[in-house]
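I wanted to begin with how the chains meet and then turn to what happens within each of them.

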2 protein chains.
Amino acid sequence: VGGVAAGPAAAAEAARVDPEAEVILIEQGRDVSYGACEMPYLLSGVVPAADALVVLTPEALAETRGIRVVTLTRVQRLDPAARKIEVKDLVSGHTRHERYDKLILATGARPHWPDIEGLQGDRVHAFRTLAQAASLTALAQDGRQRWTIVGGGFTGLEVADQLSDAGHGVTVLAGSRLLSGRIDEPTASILRSALQAAGIAIRNARAVGVRRGVGGAAIAIRTDDGELVGSDRVVVAAGTRPAVELARDAGLKLGPSGGITTDVHMRTSNSVIWACGDCAEVNHLVTGQPAHVPLSPNAFRTARAAGRNAARTGRQSTGKFAGTVGAFALCVAGIEIGVAGLTESAARAAGFDPVTATITHASRARRMPGREQILVHLVVDRKSRRLLGGQLAGKEGAALRTNALVPILREGGSVSDLYDLDLVYTPAVAPSLDPLLVAAGAVLKNI
Amino acid sequence: VGGVAAGPAAAAEAARVDPEAEVILIEQGRDVSYGACEMPYLLSGVVPAADALVVLTPEALAETRGIRVVTLTRVQRLDPAARKIEVKDLVSGHTRHERYDKLILATGARPHWPDIEGLQGDRVHAFRTLAQAASLTALAQDGRQRWTIVGGGFTGLEVADQLSDAGHGVTVLAGSRLLSGRIDEPTASILRSALQAAGIAIRNARAVGVRRGVGGAAIAIRTDDGELVGSDRVVVAAGTRPAVELARDAGLKLGPSGGITTDVHMRTSNSVIWACGDCAEVNHLVTGQPAHVPLSPNAFRTARAAGRNAARTGRQSTGKFAGTVGAFALCVAGIEIGVAGLTESAARAAGFDPVTATITHASRARRMPGREQILVHLVVDRKSRRLLGGQLAGKEGAALRTNALVPILREGGSVSDLYDLDLVYTPAVAPSLDPLLVAAGAVLKNI
């Protein structure tokens, strides 16, 4: 159930593991199996057409994977006792029931929509599905316009950046913290400066009201600091929530993050129902606590495990998803941001005693042309010296450098383990002492 | 003893740990503390002048670090029993003796010079010191010339690439394997193609003789496959050997790799003598065996440990160098090569049963402009599934991606640990399934 990323991946894995199984993929939207993370690049024309983001059409999923795909169909009720789902054909309006032996929920997340009167209808847009992205792209080609983006998370910033690249005027209402607190202030400061230098207005304010122009010719957002931000169009990208109504109404257990509770095999509290992707709660390997970490790599990994475990016989090996350290990257306004593990405040909330260091260091060897400054911000537990998280920001080399932190964070390694790494050195790409190591040395001095 | 990279680093650490100590740095050459790895970039003018590569002058080392620097002075004998060294002033020719309480050997490596009659004198050049690099740079500015590079290791390829960029005609006599066997054939094949596409002639041949033109106007190298390769100038860059004569003659223990034997504290077989940098043998963390791994990051790390341990009192913490996985990178002819751990043949020689996989995958998400293909070649032990090594090659993102392998290799982790990494994903820099993960999946299928 759910056809964007995790659903098709789980279905494909299930069909691979048991070629005799009848695998049915049900999606309420028009499209399945598409690259949702690339959608912002449609707005600027970097990705030329929405069709280009479709990985596998329903026909290709049927032909190459043996999966029956049903689109424009909503699963609106789940009856675990009878192992039945109630599905509604959104075109005909007809409702029918289907029986399942095993069920995989990949219902994803849905946009959080601020409860503000008037924040809907004409000139107000979501950016979650490929159909929404395609229609917004068509609107964005209609000459230069002023846009207000409600929300300063991934999607909000990427949409803002690509609209700005396309020549539009853009204001982002980012709330109190850029990227919704997923980065600490030193990293946020670099990101804010880069966005502003690219001509994007960043406001540390939240939307609280809407005022319409005469005849609907414009729209203004009233902010919590008393300003009115006028524009031609508003995009609401204020984060997402796991879409768990189906699971909740069927009595499946939900976790503290709001996602569907799963074990390492991605099994839910029902023995023949698995969950994967953005609707599932997973284990955060740094805190050891369940968490909602809606990132594409997690979607594919949890889907692979869910699909395998739903379809396998006793002789076939299980699929496991041990957990995540929440590593992600973002490229906007000419800079890269890379993040793994916990921020300082998340570390404190999880009961650690965080000590941090923030350094900047060149991306390439001294005297090499083209080198840029990279900021590295590390979060370490004072007593155990365990590495808890890291954030990088810079015009080059910040995103991929983040990956060296991931194995250490997953294993519970220390900042000394990081300091000891013999990372590659070559003048044109990395200085003799990598920025990550400079940062590790700085933390060790602060402990 | 030795002032290029490890020596100044060890001296600086010793002076920091014990500010009362009298720290003397002795270098036989003219320059100390310079970026030797950036020297090839002088040839093309990317780095504009040799002076720019000097990190700290003797005066700066004295003023900011409190180190007395003695250049153009050779330590020609070491008497451990008397704790004395015999030093020769290379300008005056005078010899004198100096006493030490603690001694650090950072004598580095010297070029391996093939034993070929006539491979010296006019038109034959070494490229090891800053003075040699500066004089070769001056020669390279005298119009387009034909150059033959004897040796296809790091230095040989970087010199070839920068001379070619500067408009010269270049032939590399690379012997049987590019990078002296530090990469397996799939990676070597990418590297060879890139060099050839850049107009550099790569010959799988070794130099065996020299023929001079009339009046010394040219020089030709005779190869082991019977060809004569004529050129205006020859650069010998046929690898290095640890410079251990001083240590050997003093009776210090040498290891199987030819380097000075050290423990994790970089102490030699003599209790008041430490060794660091390219002259010291270190622990290879994948084989568990002593090895000669002359890489800049190892030089600085071993130097830091040696300097600290030589200078510290009982109350101060020790410096340790647990070992290396030999990670390095190279940028030539528009491609990046990244390497960590063992090649397939090195793995076999170390007693493993290697299984490999070689894949190519895009550097960025599908449909994103500017994406390039990255080759990933992994070496894994069949039975234990332990990751033994990895090699990456591509126009972008190959060098920094290598770093994610380093923590796993250091900890003895498996290819499944690699496959489970939640590496960052952002369309403009990394695809949803990173090339490293695609390669890990391919190895798992081969086991």
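The entries below follow the order in which I looked things up.

**Entry 1: the model.** I noted before anything else that this is a predicted model, and I kept that in mind for each entry.

**Entry 2: the contact between the chains.** I then looked up the area that chain A and chain B bury between them, which comes to about 4900 Å², with 60% of it on carbon and sulfur atoms. On the side of chain A, the residues that lose the most area to chain B are A:Leu400, A:Asp422 and A:Val424, which together make up 16% of what that side buries.

Entry 3: I counted two salt bridges between chain A and chain B. For B:Arg410 I found a salt bridge with A:Asp422, in which the closest N and O atoms are 2.9 Å apart; A:Asp422 is also among the residues of chain A that lose the most area to chain B. I also wrote down 28 residue pairs in polar contact across the interface of chain A and chain B, with both residues of a pair at pLDDT 80 or more.

**Entry 4: a helix pair in chain A.** I followed H8(A) to its contact with helix H1 (residues 6–17) of chain A, where the two axes come within 7 Å and cross at roughly 35°, and where the crossing is right-handed. From H1(A) the contact includes A:Ala6, A:Glu13 and A:Val17, and from H8(A) it includes A:Phe300, A:Arg304 and A:Gly307. I sorted the residues of this contact into nine nonpolar, one polar and three charged.

**Entry 5: the helix pair in chain B.** I looked up helix H1 (residues 6–17) and helix H8 (residues 296–311) of chain B, and their axes come within 7 Å and cross at roughly 35°, in a right-handed crossing. Among the residues that make the contact are B:Ala9 and B:Ala10 of H1(B) and B:Ala303 and B:Arg308 of H8(B).

**Entry 6: salt bridges over all chains.** I recorded 40 salt bridges in the structure over all chains. One that I looked up joins A:Glu396 to A:Arg364, with the closest N and O atoms 2.7 Å apart. A:Glu396 lies in the loop between strand E24 (387–394) and H10 of chain A, and A:Arg364 in the loop between strand E22 (354–362) and strand E23 (373–381) of chain A, so this pair ties together parts that are 32 residues apart in sequence. In chain B I noted a salt bridge of B:Asp31 with B:Arg30, whose closest N and O atoms are 2.9 Å apart.

Terms used. Residues are numbered from 1 along each chain as its sequence is written. Chains are lettered from A and ligands numbered from 1 in the order in which they are written. This is a predicted model: local features need pLDDT of at least 70, side-chain atom pairs count only at pLDDT 80 or more; totals for chains, interfaces and linings use all residues. Side-chain values use heavy atoms; hydrogens and water are left out. Buried area is the accessible area (1.4 Å probe) that two parts lose on being put together, summed over both. A salt bridge is a side-chain nitrogen of Lys or Arg within 4 Å of a carboxyl oxygen of Asp or Glu. A polar contact is a pair of N or O atoms within 3.5 Å; within protein, one must be able to donate a hydrogen and the other to accept it, and residues adjacent in sequence count only if both atoms are side-chain atoms. Axes are lines fitted to C-alpha atoms, for helices over the stretch in contact, and angles run from 0 to 180 degrees between N-to-C directions. Helices (H or I, at least four residues) and strands (E, at least two) are DSSP runs, numbered from the N terminus. A crossing is left-handed if the near helix is turned anticlockwise from the far one by less than a right angle, and right-handed if clockwise. Contact means heavy atoms within 4.5 Å. Ala, Val, Leu, Ile, Met, Phe, Trp, Tyr, Cys and Pro count as nonpolar, Asp, Glu, Lys and Arg as charged, and the others, Gly among them, as polar.
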